[in-house]
Amino acid sequence: MGALIDRTAYKRAALATAVLGIAAGAVALVATNNLWLIGLSQLVIGVADTSIAPLVAAVTLGIVGQKAYGQQVSRNEAYNHAGNAANAALSGVLGYTLGLGFVAIAIVVMAVASCGVLLAIDKGRIDHAAARGGEQDERSTVRVLFETKPLLLLAGTVFAYQTANGAMLPFLAQARTAAGADPSLTTGVMTVVSQATMVGAALLAARIAKDWGYASVLSIALGLVVTRGILAAFAASWWLVIPVQLLEGLAMGLGGVAIPALVAETMEGSGHANAGLGGVMTAYGAGATASPLVAGLVAQYLGFSTSFIALAAIAAGGLAVWMAGRRVLGLRDRTGQTDGASADPA
């Protein structure tokens, strides 16, 4: 999808299609009990959801340019997490009081509203050359991705980051549910806490990066995941669950800004910026897939607490690889790159 986005001039239409695809999939999920239709709906949602990150990144980079990209990603992520918090709160209330069908209706309303916002963006302001990180050379997308060693290092780190982080919230919710808590209310409260924290963390990321660079922001995010996993192993009551979710909010808020900003820095001038982000998000998705598998196997035989320790250990390994890999490759933090737009509106 990232490679396709590098080549298309219809980024707004593609983004609207992805948003509507998620809404259609959500409606189908609650409208049928047929296993094959449910699987197809999940496939549509997965493809659409995968497309959104590189599409938003492309539109953002095309409007503000490389110099202001990190700052704008910080703002984007703050609004993104605020929307997720509102979504979680609304979904928790609707699911708890009226049923899942009304959650699907709410998703459709949000999708239509998103398309309305997209129409307000002047397509003439999107510089498609800037949106893909410059003009493309004769190399294929695959060759560019596999020849860019810093990108491979980032992808491996992101894989560890999401493998460690992905299953923590649902498994912590399962642990609380097993202890007698209501599943919809528990998941809703936990998600709202983490997403609300992510808003502040996303805005904080740009400030940290201005002095230390986005590589340091990602290092901090990984360290927070390690701490979160250790605390989650002992989270037997809400007094510890809430701090654990605050740590998730900080880690995800910082990582959500650092990852696309680092990809844009790495792929600057290549003409394959969105393919690069697509490659890194592939590693992110692979981590999200591996996370419940690893945590589930450990929890099945050794319990929830041990599964959280195992996830924390994976995050610690990712942090070690990230820091050592940057030294081996001789990479330095790029600081002070968050102010001012470098691309004027067309």
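I count two rings of Phe, Tyr or Trp as an aromatic pair if their centres lie within 6.5 Å. The model I am reading is predicted.

**Entry: aromatic pair**

I looked up how many aromatic pairs the structure holds, and there is 1. Phe-171 and Phe-304 form this pair. I noted 6.1 Å centre to centre and 75° between the planes.

Phe-171 belongs to helix α9 (residues 168-178) and Phe-304 to helix α14. The two are 133 residues apart, and the pair links distant parts of the chain.

**Entry: helices α8 and α14**

I stayed with α14, which spans residues 304-329, and looked up its packing with α8, residues 149-165. Their axes come within 7 Å and cross at roughly 165°. The cut-off for roughly antiparallel is over 145 degrees, so I recorded α8 and α14 as roughly antiparallel to each other. The crossing of α8 past α14 is left-handed.

I listed the residues that meet. On the α8 side they include Lys-149, Pro-150, Leu-153, Leu-154 and Thr-157. On the α14 side they include Leu-311, Ile-314, Gly-318, Trp-322 and Arg-326. Sorting the residues of this contact gave me 11 nonpolar, 4 polar and 2 charged.

Definitions and conventions:
Residues numbered from 1 in each chain as written. Predicted model: local features only at pLDDT ≥ 70, side-chain atom pairs only at ≥ 80, totals over all residues. Heavy atoms only, no water. Axes fitted to C-alpha atoms, helices over the stretch in contact; angles between N-to-C directions. Helix = DSSP H or I, 4+ residues; strand = E, 2+ residues; numbered from the N terminus. Parallel < 35°, antiparallel > 145°, perpendicular 65-115°, else oblique. Left-handed = near helix turned anticlockwise from the far one by under 90°. Contact = heavy atoms within 4.5 Å. Nonpolar A, V, L, I, M, F, W, Y, C, P; charged D, E, K, R; others polar. Phe/Tyr/Trp six-rings, centres within 6.5 Å; stacked < 30°, edge-to-face > 60°.
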